[in-house]
Amino acid sequence: MFYFVLKRIALLVPIFFGVTIMAFGFIRMLPGDPVAALAGERDMTPERHAEIMLKLGLDKPVWQQYLDYIWNLLHGDFGTSVLTNRPILDEFLELFPATIELGLTAMILAVVIGVPIGIFAAVKRGTLYDQGIMGISLVGYSMPIFWWGLLLIILFGGVWGLTPISGRISFLFDVETVTGFLLIDALLSGEEGAFASAMHHMILPTIVLGTIPLAIIARQTRSAMLEVLSEDYVRTARAKGLSPLRVYGLHALRNAMITVITVIGLQVGTLMAGAILTETIFSWPGIGKWIIFSVFSRDYYAVQGGLVLIAMIIMSVNLVVDLLYGMINPRILHTSS
Amino acid sequence: MRKSLIRTTLAISLAVTASASLAAGKTLVFCSEGSPGGFNPSLHSAGTDFDASAQPIYNRLTEFEPGTTKVVPGLAESWSVSADGTEYTFKLRKGVKWHSNKHFTPTRDFNADDVLFSFNRQWKTDHPYHSVSGGKYLYFGWMDMGPALKSIDKIDDYTVKFTLNQPDAPFISNLAMDFASILSAEYADKMQTEGTQETVDNAPIGTGPFEFVSYKKDSVIRYNGFKDYWEGAPKIDKLIYAITTDATVRFQKLKAGECHIMPYPNAADLDAMDKDPNINLLSQAGLNVGYLGFNTSKAPFDNKSVRQALSMAIDKQAILDVVFKGSGSPAKNPIPPTMWSYNDDIVDYKYDPETAKKLLAVAGIKELKTDIWAMPVQRPYNPNARRMAELIQADWAKIGVTAEIKSFEWGEYRERIRAGEHSTALLGWTGDNGDPDNFMFVLLGCAAAKSNVARWCNEEFDGYLRAAKLTSDQAERTKLYEKAQVIFKQEAPWYTIAHSVQFRPVRKEVKNFKIHPLGSHIFKYVDLQ
């Protein structure tokens, strides 16, 4: 077990450096620089341009900038935003809870609905139910998030007036930030209606962000279940005359869960990607919206820092999933060791 | 059953929201388009930054009258200019109160020290605050304030004298610009003593109509009406910026009553806004111009006849219909019609391919191969440069001119134009300070001829511009600029295309909101009914 964990952690080191190179390189490969982005139509003399680049620490050769960047990263310094002049880590930590909150509710929605309908489809394999569920999930999987979000906003928020249009809570509530998780902060604030308002604002973004993971989880659960259901031990269990609930719930589901948990773990990446669009549509003050804005304004330090932080989080989640996987399926542990 | 349960839950939460709104007093919600970089307008120079800082929180020595570019007294009650036009002496307003917050309670009113602090911080590199918060004073640099200033002196507590190196009439307009906002010197001193200098820029203290309350990044900015505001307390008690980046979503919020005013609507939504019974769709010609510049340093564009011929060959109305879809007005001068000194006697080149062909023949041009550069970004003065270039390309083909359309990434685009690689290029400009100098001298003056799109330097034209800088008599300046526009049209260094129309959908209950030509959103006189 110890070696298994150690090996998994050691694997993260090259991945970490790979990510830093990509985060550092990609934003610099985009034409233009932060100063040009600020200047707009304005004519700027090369001297003035150089002067501001110097202030931003962008005057040095690229390799030196990279080494400085790595050196600072290893000391926990993610740099300072070109636009706001605040430490990247502060900005990230301020916005990250909003992304986690939305990601968690979306994930809960995806699992709570996706797993049962996946099992149901597997059990009812080949029937109209199965085809219906799989058809809908295919549609969900292919849904362009931006279009889907706007459609829901216009219908539920605009035409029927059932949900708020966008934002995280009604502007009438000025909830003090304690944890950054608005649902919790709203409860802590004791303001009447704050929690309801925050919940109300979560409905549409949760559905939009949860749609693709839900579809994937439903489909994967179905195929994992189908595989397990054709195993000998399931046939034996059936032959013993066990009730369907015991056969599916105890024997089949436990083994199918190995695949399902992996898939759920992998969805963290999908959620982060989806968060970029979802947050933009719903004016959700999270990391996704922040990264996009930083790319547009060529805020090198924000993009570099933000991407590395996100990658670190995804890597940690994957590590946890790997470890969990090992615990659920001891065969993996043994072969690895 | 389940459906009705959902409906009940939603109804309860909506009711809670509604009852809370009754208790909130007069609250104006502005669905702003983005997050400010910070709250010091000398450091953060985007329109979004100014909307969040300069306009609600601060004042300037001079101000623009809302809805116009007319310069009126602000924190300076009056001013006088010396005979040689280099000395500006300002009499400051007395009894102007500062805001307060948890870091600072003012002990004195606004005075000359605050003026000196605000300008010296941007100007003097050895000022203790110069490098605080990154110290990029972009607008101060863009308006060439550093080279213009000789000295700033405090004559007494309520008199300040600015001495310039040479007369510069637009100077008074520059002082009304957002970057020239006046910050509290007392606050700065206190924060310096406490070693938290950046607080001055993050927890702003101003003299403006609204006091800053809080900012939740990327989400909401809150202000309270300032009871002691020197022009009288604003009519709204609370001002809220609900940051909503997507224009379609902003419109949905406006329709649903989640906000009262929204900037930058999608052109596609304008019809629906106009028809909505709860919304007033305000519009005003923007302080901008979109144009096609001919690179006059390259043959055959150094030939006036060729430039005129190519201008006549373009069907402007088609561009306005196809590209602007009603959100643009035809441009004939380099400055927009809302700006003083606009010469309405100028006659634009008529769309006339036949005459254009003849002119080209006279100029000895048989076959012309050239390029049209199209900007990769959307701007109010040019919502779709690619499409515009295609239309021009087709028009020119009719007179036998073959043009290739080229486009580069925005930064590179401007860099290559600076280097003069283009033959003709689409670009535009949005005014900073409402002064004609800010269009003509900046874009067409000989001083900028090495780097601007037309690379054009005309002694006579430039002479008028330089003369207009020397006098602060607006009537005289108007005459000079009018003459300059005549030369501009004859020489045709640009084919002027359009001025955008800016639209602001506003809910019916909003009173006294005016579109500002410079693009800022000003709420100090706004009321809700």
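Two strands count as paired if DSSP finds at least two bridges between them. In this predicted model, strand 5 (residues 87–92) and strand 7 (residues 159–164) of chain B meet that condition, pairing in the antiparallel sense over five bridges. One of the residue pairs involved is B:Phe90 with its bridge partner B:Val160 in strand 7 of chain B.

This pair belongs to an open sheet of four strands in chain B, which follow the order 4-5-7-6 with antiparallel pairing. At the edges lie strand 4 (76–81) and strand 6 (149–156) of chain B, each of which pairs on one side only. Between neighbouring strands of the sheet the average turn is 20 degrees, direction ignored. Helix 4 (residues 112–123) of chain B packs on this sheet and touches strand 5, strand 6 and strand 7 of chain B. The direction of helix 4 makes about 160 degrees with that of strand 6 of chain B.

The next topic is the contact between the chains. Chain B contributes 48 residues to the contact and chain A contributes 45 residues. On the side of chain B that touches chain A, the elements giving two or more residues include helix 5 (138–142), helix 10 (247–255) and helix 16 (410–418), as well as strand 8 (210–216), strand 9 (220–225), strand 10 (238–242) and strand 16 (424–430) of chain B. Helix 1 (2–23) of chain B is also among them, and gives the most, with six residues. Sorted by class, this side of chain B has 20 polar, 17 nonpolar and eleven charged residues.

Conventions:
Residues numbered from 1 in each chain as written. Chains lettered and ligands numbered in written order. Predicted model: local features only at pLDDT ≥ 70, side-chain atom pairs only at ≥ 80, totals over all residues. Contact = placed C-beta atoms within 7 Å. Nonpolar A, V, L, I, M, F, W, Y, C, P; charged D, E, K, R; others polar. Axes fitted to C-alpha atoms, helices over the stretch in contact; angles between N-to-C directions.
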